[in-house]
Every structure is written in structure tokens, then in C-alpha cells.
Amino acid sequence: MPPPRAMRLRREAWGFAIGSLFFLVGAVPFYQRAVGIVVTDLTFFVGALFFTAAALIQLSLSGRRPPRRGASRPDLFDWWASAVQFVGTLFFNVSTTDALITALNSETRLNSGWRPDALGSICFLVASVFAAVATTERDKLWDPSARTWRCTWLNLLGSVFFGLSAIGAFVIPSTNDLVSLLWANLGTFLGAACFLVAALLSRRPR
């Protein structure tokens, strides 16, 4: 039987993988037209829940509090990467919940869904930079013989794409149109694809 930590690491990886898959599918225009706005928003809502569950596992593995004084810089940056990423997933929980409720009944709209999307994307980007620093100081950011560096680069690239998606999803008040529907979907799709591959690469062997 694998040790508890190994089991939690696999659950973390699968949580990020499944959440990424939901976001990837939800961003496909053909899928959106086929299932309608409610199911599309439900897809993102469920995906965000998997992201948050996986991020919570990651944070719990890093420790409930920042490493004590004297801890190595990579450990410290790893903790902050996990903490900031978890906060980012909560922002996406807010935006996906808001979108789903609006799709079900526009009169019950909670708030603007774009601000949490933007804040969540910023958190993901900051967390990815922290992870890149930790990877660089612990090993190398470019090491073909290792697995970590690929995950780090993919997560950083995915966070950039999510940021572009958030910009594209901004609603222009004067026209009520998105800045770019193309990038709202494409950024989400590409970002989710990067996160999916990174999650699959990070799985621990049995």
C-alpha cells in the first residue's frame, strides 16, 4: 500500500488534471453551441471545484503555515506558490458560480464575474513565478533529464494564457461586448491544456 503522502500527491495531480479537462472542454465553441450556456457554465463550475480541491491538497502538503525561519528559499517559495494558487482557485470559484447563477436566472446575478477572473489569473501567474524560482534554486529550470522543470514551464505558460483569457473576457460597458471572444475561449483552452499536461507529468508512480 503506498504511503499517505504518495496517495495525496496522486490525488492532487488527478484533481488538477480533471479540473483542467473540464475547462478545456468548456472552452470549445462546438461544445458550447451543442450543450448551451447553462451546461457550459456548469462545466466551468465543476472544473473550478476540482482545481480548488487539488490546490487545497497541495497547500496541505506544503504546510498550513509558511516554513519556519531558517527554512530553505525553495521551500519558502514552494509554500507561497501553493498558498497564492489556492487563493486564485477561490476567485475562479466565485466567477464560475456567478456565471452559472446568471445563466440560470440573470435577475439573481451576484456581481461582476470578470474581476474574480482577473484576480484569479493574477494569482495563478504569481504562483507560477514563485514555483519557477523554487525550481531554479532547487534544481534547474531547464533540465531534460528531470520532470519538474517541464511542469513548471507548462504551469507558467498556462497562467499566461489564462491571463489573456481574462483580458479577452472583459465586457466593454459601452457595447456590452467582450474585448475578444476568440481569446476568452482560446486562452482558456490553451491554458487548460498546459495545466492538464503538467498535471499528468507530475503524477507519482505507484
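Okay, let's start with Leu 157, which is found in helix α5. By helix I mean a DSSP run of H or I with at least four residues, numbered from the N terminus. Before going on: this is a predicted model, where local features need pLDDT of at least 70, side-chain atom pairs count only at pLDDT 80 or more, and totals for chains, interfaces and linings use all residues. Residues are numbered from 1 along each chain as its sequence is written, and side-chain values use heavy atoms, with hydrogens and water left out.

So, helix packing. Take α2 (residues 29–62) and α3 (residues 73–104): their axes come within 8 Å and cross at roughly 160 degrees. Those axes are lines fitted to C-alpha atoms over the stretch in contact, and angles run from 0 to 180 degrees between N-to-C directions. The pair is therefore roughly antiparallel, the label for angles over 145 degrees. Their contact has 20 nonpolar residues, nine polar and two charged. Nonpolar here is Ala, Val, Leu, Ile, Met, Phe, Trp, Tyr, Cys and Pro; charged is Asp, Glu, Lys and Arg; the others, Gly among them, are polar.

Next pair: α1 (residues 4–26) packs with α6 at about 160 degrees, axes 8 Å apart, which makes α1 roughly antiparallel to α6.

How values were computed: Helices (H or I, at least four residues) and strands (E, at least two) are DSSP runs, numbered from the N terminus. Angles under 35 degrees count as roughly parallel, over 145 as roughly antiparallel, 65 to 115 as roughly perpendicular and the rest as oblique.
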